[in-house]
Amino acid sequence: MTQEISLGDIVQDRITGFKGTAVGLHHYLFGCTRVSVQPLADKTSFKEAVSFDMPSLVLLKKRKVKGDNTTGGPAKYNDARRY
């Protein structure tokens with residue numbers, strides 16, 4: 001059984017024990033879904049995110065991310081307003 005993992009959730013990999021925050025969801029053409037997990041930073045360094053297959057992750061804590069998740073990317077303004 002796979003839990004529904006959302007961005008911002010705290011997860012842990014069953015095999016390696018790697019734990020962190022889900023910062024990216026990647027859906028591939030033939031059904032594979034991977035999750036990028038960012039571990040917590042310590043006082044001296046930042047650690048890079050690692051991707052895992054969603055079924056190998058255990059949901060530890062649901063976390064609600066504030067905001068509307070819009071980036072305001074290239075489609076925010078029409079061409080007339082860009083220049």
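This briefing walks through the fold, the core and a few individual residues of the structure above. The model is predicted, and the protein chain has a mean pLDDT of 82, with 72% of its residues reaching 70 or more. Five strands and one helix make up the protein chain, and from the N terminus on the elements follow the order β-β-β-β-β-α.

- Strand β1 has the highest confidence in the protein chain, at 96, while helix α1 (residues 79-82) has the lowest, at a mean of 59.
- As a reading tip, where pLDDT is low, the predicted coordinates should not be read in detail.

**The chain as a whole**
- The protein chain has 83 residues, and 23% of them count as buried.
- If you take the contacts between residues at least 6 apart in sequence, 38% of them join residues at least 24 apart.

**How strand β1 is paired**
- Strand β1 runs antiparallel to strand β2 (residues 19-27), and three bridges join the two.
- Within that pairing, Ile10 has Thr21 of β2 as its bridge partner.
- The hairpin of β1 and β2 has five residues between the strands, and Gly17 takes a positive phi near 80 degrees there.
- Strand β1 also pairs with β5, again in the antiparallel sense, over four bridges.
- On the β5 side, Gln12 has Val58 as its bridge partner.

**The nonpolar core**
- The largest nonpolar core has eight residues: Ile5, Val11, Ala22, Val35, Val37, Phe52, Met54 and Leu57.
- Val11 touches other members of this core, including Ile5, Val37 and Leu57.
- Beyond its neighbours up to four places away in sequence, Val11 also touches Phe18, Lys19, Gly20, Val58, Leu59 and Leu60.

**Asp13, a buried acidic residue to look at**
- You will find Asp13 in strand β1 (residues 10-13).
- Asp13 counts as buried because its relative accessibility of 4% falls under the 20% cut-off.
- The side chain of Asp13 makes a polar contact of 2.8 Å with the side chain of Thr16.
- Leaving aside neighbours within four places in sequence, Asp13 is in contact with Phe18, Phe52, Ser56 and Leu57.
- Asp13 and Phe52 lie 39 residues apart along the chain, yet their C-alpha atoms are separated by 7.5 Å.

**Ser36 and its polar partners**
- Ser36 sits in strand β3 (residues 33-38).
- With a relative accessible area of 11%, Ser36 is buried.
- Two side chains make polar contacts with the side chain of Ser36: His26 at 2.7 Å and Ser51 at 3.0 Å.
- Not counting residues up to four places away in sequence, Ser36 touches several others, among them Thr21, Ala22, Val23, Gly24, Ala49 and Val50.

**Pro55, out in a loop**
- Pro55 is found in the loop between β4 (50-53) and β5 (57-61).
- Pro55 counts as exposed because its relative accessible area of 51% is over the 50% cut-off.
- From C-alpha to C-alpha, Pro55 is 9.7 Å from Val35, and the two are 20 residues apart in sequence.

Technical notes: Residues numbered from 1 in each chain as written. Heavy atoms only, no water. Buried < 20%, exposed > 50% of the residue type's maximum accessible area, 1.4 Å probe, protein only. Contact = heavy atoms within 4.5 Å. Polar contact = N/O pair within 3.5 Å; in protein donor to acceptor, adjacent residues only side chain to side chain. pLDDT = per-residue confidence, 0-100. Core = buried A, V, L, I, M, F, W, Y, C linked by side-chain atoms within 4.5 Å. Pairing = 2+ DSSP bridges.
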